[in-house]
Amino acid sequence: MADDGLNVVRVLFQNIEDGDRLKFVAQSNISDTGGGARDLRFRPETEFLPFFKKMFSGRRIQRRKSKGVSSEIEVLTDKVVWNEGGKEVSATMEIWPSTNARPNECRIARISSFGLDGLIQNDPKGGKSVFMMFQQQDGTIRLHFTTETSLKVDNWDPTIKKFAADWLSEGTKAAFLDLKSKERYPHV
């Protein structure tokens, strides 16, 4: 591959379950498969937050109150882009650290504000719907939706395709692969 800044250096996967689909339209969860409205959650935070810190270059300090105690937290921010109807769209995404109510669980905040719900794909063979986030060598972060079937049979980069197959067979909700440092979760 050419070294033109477009090469993928990091990739994140997350299964989009029924409860997660509702998050994309800011509705509360109706089952035990996804959590509350608006945020996509990643655990364990001890694995995912360091990965997000490599991807997201922006930082801001946010005050929050928990159980009557005010504290300052670091929120990760960066521009993300995606294709919608043949056009490139962008917005600023935030990654928030865990809360007392949800320890060891970081999150993409307010996923519903991006209007991505129409991009979620249903797997033609009944497999999983998958949210992906890629970071290119030039720092660009791209969002993409695909399916388990596509990850298994379509023309993906062989390293990403193998990792996706390992992740899907492992059965964890989310996964990441850092092609620069060779770090991965799950550690398959």
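**Figure 1. Contacts across the whole chain of this predicted model.** Taking the contacts in the protein between residues at least 6 apart in sequence, 53% join residues at least 24 apart. The protein has four helices and 10 strands, and along the sequence these follow the pattern β-α-β-α-β-β-β-β-β-β-α-α-β-β. A compact globule of 188 residues would have a radius of gyration near 16 Å, and the protein agrees with this because its own value is 16 Å. Along the principal axes, the C-alpha atoms fill a box of roughly 50 × 40 × 35 Å. Of the 188 residues, 46% are buried.

**Figure 2. Strand S9 and its two strand partners.** Start with strand S9, residues 174-178: five of its five residues are buried, so the rest of the structure largely encloses the strand. Both faces are covered, with Ala174, Phe176 and Asp178 buried on one side and Ala175 and Leu177 buried on the other. Strand S1 (residues 8-16) pairs with S9 in the antiparallel sense over five bridges, and here you can find Leu12 with its bridge partner Phe176. Strand S10 (residues 184-185) also pairs with S9 in the antiparallel sense, over two bridges. In that pairing, Leu177 stands opposite Arg184 of S10. The hairpin of S9 and S10 has five residues between the strands, and in this hairpin Lys182 takes a positive phi near 70 degrees.

**Figure 3. Phe42 and two of its ring partners, Phe48 and Phe52.** The model holds 13 aromatic pairs. In one of them, the ring centres of Phe42 and Phe48 are 5.5 Å apart; the pair is called tilted because the planes meet at 45 degrees. Phe42 is buried at 1% relative accessibility, and Phe48 is buried too, with a relative accessible area of 0%. How are the rings of Phe42 and Phe52 arranged? Their centres lie 5.3 Å apart and their planes are at 80 degrees, so this pair is edge-to-face. Phe42 belongs to strand S2 (residues 40-42) and Phe52 to helix H2 (residues 45-55), so the pair ties together parts that are 10 residues apart in sequence. Both Phe42 and Phe52 are buried.

Figure 4. Within H2, the buried residues are Glu45, Phe48, Leu49, Phe51, Phe52 and Met55.

**Figure 5. Trp96 and its surroundings.** Leaving aside residues up to four places away in sequence, Trp96 touches Arg60, Gln62, Arg64, Ile73, Val75, Cys106, Arg107, Ala109 and Arg110. Ala109 is 13 residues from Trp96 along the chain, with 6.5 Å between their C-alpha atoms. Look also for Glu94, whose side chain makes a polar contact with the side chain of Trp96 at 2.9 Å.

Notes. Residues are numbered from 1 along each chain as its sequence is written. Side-chain values use heavy atoms; hydrogens and water are left out. Contact means heavy atoms within 4.5 Å. A polar contact is a pair of N or O atoms within 3.5 Å; within protein, one must be able to donate a hydrogen and the other to accept it, and residues adjacent in sequence count only if both atoms are side-chain atoms. Buried means under 20% relative accessible area, exposed over 50%, partly exposed in between (1.4 Å probe, protein chains only). Two strands pair if DSSP finds at least two bridges between them. Rings of Phe, Tyr and Trp (its six-membered ring) pair if their centres lie within 6.5 Å; planes under 30 degrees apart count as stacked, over 60 as edge-to-face and the rest as tilted. The radius of gyration is taken over C-alpha atoms; the globule rule is 2.2 Å times the number of residues to the power 0.38.
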